[in-house]
Amino acid sequence: MTADAAQYLGAGLAAMGIGLASIGVGLIFAFFLQGALRNPAAAASQQGNLILGFAVAEALGIFAFLVSLILLFVV
Amino acid sequence: MTADAAQYLGAGLAAMGIGLASIGVGLIFAFFLQGALRNPAAAASQQGNLILGFAVAEALGIFAFLVSLILLFVV
Amino acid sequence: MTADAAQYLGAGLAAMGIGLASIGVGLIFAFFLQGALRNPAAAASQQGNLILGFAVAEALGIFAFLVSLILLFVV
Amino acid sequence: MTADAAQYLGAGLAAMGIGLASIGVGLIFAFFLQGALRNPAAAASQQGNLILGFAVAEALGIFAFLVSLILLFVV
Amino acid sequence: MTADAAQYLGAGLAAMGIGLASIGVGLIFAFFLQGALRNPAAAASQQGNLILGFAVAEALGIFAFLVSLILLFVV
């Protein structure tokens, strides 16, 4: 296997990590929405925690995306 | 590994993505049905959201299906 | 890699699909039992749906089993 | 790839199956403990079912462990 | 495939185990927080169990991390 071929395979594997991070982000919004529909009056007060949790989970997906891009264009 | 062989392997890997998308679609219907059986009077009012969520989740599976087909017949 | 070797690897990968189908079948019985223990009087009335859901989920595992057998003995 | 190398890779893959079986065993104890903490008076009466479920789930992990050992030392 | 190349691939596979251990640690804190928000008065009394569970789950991730490091620098 040439180094070029390994870069393409690595980028594809990293893209699996991007998709897995979507599960984490989805869990955050899913449980927030379940709670917000049960007690809408408290939803606004937890909007900050929602954005914080979403950001740190999304960041991991973006890191995997960066690894993909680095494998494709930088290395 | 020849380019032909890699296409077949790639199509098989993409088919794993199709199956994983089925988990997402299944979650949407599972939770809708759980809620609809608990409160059948509200089920009709959420039919639109069900179809919307189903469509966007199914779309991701169809995208993976497209990748499979492209690998098999187009590229 | 020879064609024979690829058949053996493919059969092993298909067997992973058999095992994954077991998760689906397990979910069906798990949630049925949870509900039946909560409301035993209604368990008999849902036996038909249980068998139907079990059959279609088990079928997917059997399809993966068939792919394994075909890879091993037919192709 | 030599036959020796394939044995080592196969043993590693089988070890992934051992780890996955741990999820099943963990689910059994997790739900038992959740129920036992909610209704401690009934915990003793379900100890037998707990051990039975634990045994059959653990057995699958041990089967995967056996496959690993056979690949490493027998075949 | 040379032995060097196999070490790098093995380290990457071990890193998948590190990420999977994060699911276990996350489950522990997720369920603790859900319970603590429902009954804050009891949260302090369960802090010890939380740290114990977190430690043993985190340890498995660190073991996978060690395997990665050994593959990269020791072997």
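**Chatting through the structure**

Me: How much relative accessible area does L66(A) have?
Reply: L66(A) has a relative accessible area of 42%, so it is partly exposed. Buried means under 20% relative accessible area, exposed means over 50%, and partly exposed is in between (1.4 Å probe, protein chains only).

Me: Before we go on, what kind of model is this?
Reply: This is a predicted model, where local features need pLDDT of at least 70, side-chain atom pairs count only at pLDDT 80 or more, and totals for chains, interfaces and linings use all residues. Residues are numbered from 1 along each chain as its sequence is written, chains are lettered from A and ligands numbered from 1 in the order in which they are written, and side-chain values use heavy atoms, leaving out hydrogens and water.

Me: OK, back to L66(A). Where is it found?
Reply: In helix 2 of chain A. Helices are DSSP runs of H or I with at least four residues, strands are runs of E with at least two, and both are numbered from the N terminus.

Me: And which nonpolar patch is on the surface?
Reply: One that includes L66(A), Y8(A) and F73(A), with about 1,100 Å² of accessible area together. Accessible areas come from the Shrake-Rupley method with a 1.4 Å probe, and for residues only the protein chains shown count as cover. Helix 2 (residues 47-74) of chain A gives the largest share of the patch, eight residues.

Me: What makes a patch?
Reply: Residues with over 30% relative accessible area and no salt bridge; nonpolar side chains (Val, Leu, Ile, Met, Phe, Trp, Tyr) are joined within 5 Å, and like charges within 9 Å. A salt bridge is a side-chain nitrogen of Lys or Arg within 4 Å of a carboxyl oxygen of Asp or Glu.

Me: Which residues gather in the positive patch?
Reply: R38(A), R38(B), R38(C), R38(D) and R38(E). Lys and Arg count as positive and Asp and Glu as negative, while His and the chain ends are not counted. The place of a charge is NZ of Lys, CZ of Arg, CG of Asp or CD of Glu.

Me: Is R38(D) buried or exposed?
Reply: R38(D) counts as exposed, at 66% relative accessibility. R38(D) lies in helix 1 (residues 3-38) of chain D.

Me: New topic: how many helices in chain A?
Reply: Two, with zero strands. Chain A is more spread out than a compact globule, because its radius of gyration is 17 Å, well over the 11 Å that the globule rule gives for 75 residues. That radius is taken over C-alpha atoms, and the rule is 2.2 Å times the number of residues to the power 0.38.
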